[in-house]
Amino acid sequence: MALSEIQNKSIEMLLQGTQQKDVAATLEVTPKTLQRWAKIPEYAARLNNDPIPQATQQATNTQYATEHKPLSRSAARDKELALLDTIQTNLENLLDKNSGDLRIIDRLLKVSERRSRLLGLEVKNMAVLEAAEILMSEGVITPRHAYIISQGIESIEGSLKDADSA
């Protein structure tokens, strides 16, 4: 069964992180309709085959395969840093395969932000390109990934200029 245009649009919005209630309102369907669509095998397969959550889930499963024991604060921090490293590696591998996917870049930046908060290196109100420069200089991302980020931003800026002139 082929999915309808509205079903495909709902999948795109959900994969971009839009909340289900907002997707329903935008597409003028009920949240119940989205839940019903999620039971359609083709719909569920497209929704569940998004590589970003899979990369995150794979890292989480690997990291927490052992039994949980109460951890000290520093041990919990170290464990979360190790998990973030694994997630980052998985996302970088995805970025190598899908170099233009801004969702992967966004997720990489979120992982880096979380790592910065854990390490007490939080910087407020930084432009994305400045953040990418710092991350590259610290060895968190490669120059290739910084280049991909800058190209993505230039593409977005161009699209916004085109939309303004239309």
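Q: Which side chains meet in a salt bridge at 2.5 Å, N to O?
A: A salt bridge here is a side-chain nitrogen of Lys or Arg within 4 Å of a carboxyl oxygen of Asp or Glu. In this case the partners are Arg115 and Asp85. The two sit in distant parts of the chain, 30 residues apart, with Arg115 in helix α7 and Asp85 in helix α6. Helices are DSSP runs of H or I with at least four residues, numbered from the N terminus.

Q: Before we go on, what kind of model is this?
A: It's a predicted one, where local features need pLDDT of at least 70 and side-chain atom pairs count only at pLDDT 80 or more, while totals for chains, interfaces and linings use all residues. Residues are numbered from 1 along each chain as its sequence is written, and side-chain values use heavy atoms, leaving out hydrogens and water.

Q: Is Arg115 buried or exposed?
A: Buried means under 20% relative accessible area, exposed means over 50%, and partly exposed is in between (1.4 Å probe, protein chains only). Arg115 counts as buried because its relative accessibility is 11%. Asp85, at 39%, is partly exposed.

Q: How many salt bridges does a search of the whole structure find?
A: It turns up 5. Take Arg114 and Glu80, whose closest N and O atoms are 2.7 Å apart. Arg114 lies in helix α7 (residues 102–118) and Glu80 in helix α6 (residues 73–97), so this pair ties together parts that are 34 residues apart in sequence. Arg114 has 28% relative accessibility, so it counts as partly exposed. Glu80 is partly exposed too, with a value of 25%.

Q: Which residue forms a salt bridge with Asp78?
A: That's Arg77, and the closest N and O atoms of the pair are 3.5 Å apart. Asp78 has a relative accessible area of 44%, so call it partly exposed. Arg77 is partly exposed as well, at 32%.

Q: Let's turn to Leu34. Where is its place?
A: Look in helix α3, which covers residues 31–37. Leu34 counts as buried because its relative accessibility is 1%.

Q: And what is Leu34 in contact with, leaving aside its neighbours within four places in sequence?
A: Contact means heavy atoms within 4.5 Å. On that basis Leu34 touches Ser10, Gln20, Val23, Ala24, Val29 and Tyr43. Pick out Val23 in the model: it is 11 residues from Leu34 along the chain, and the C-alpha atoms of the two are separated by 8.6 Å.
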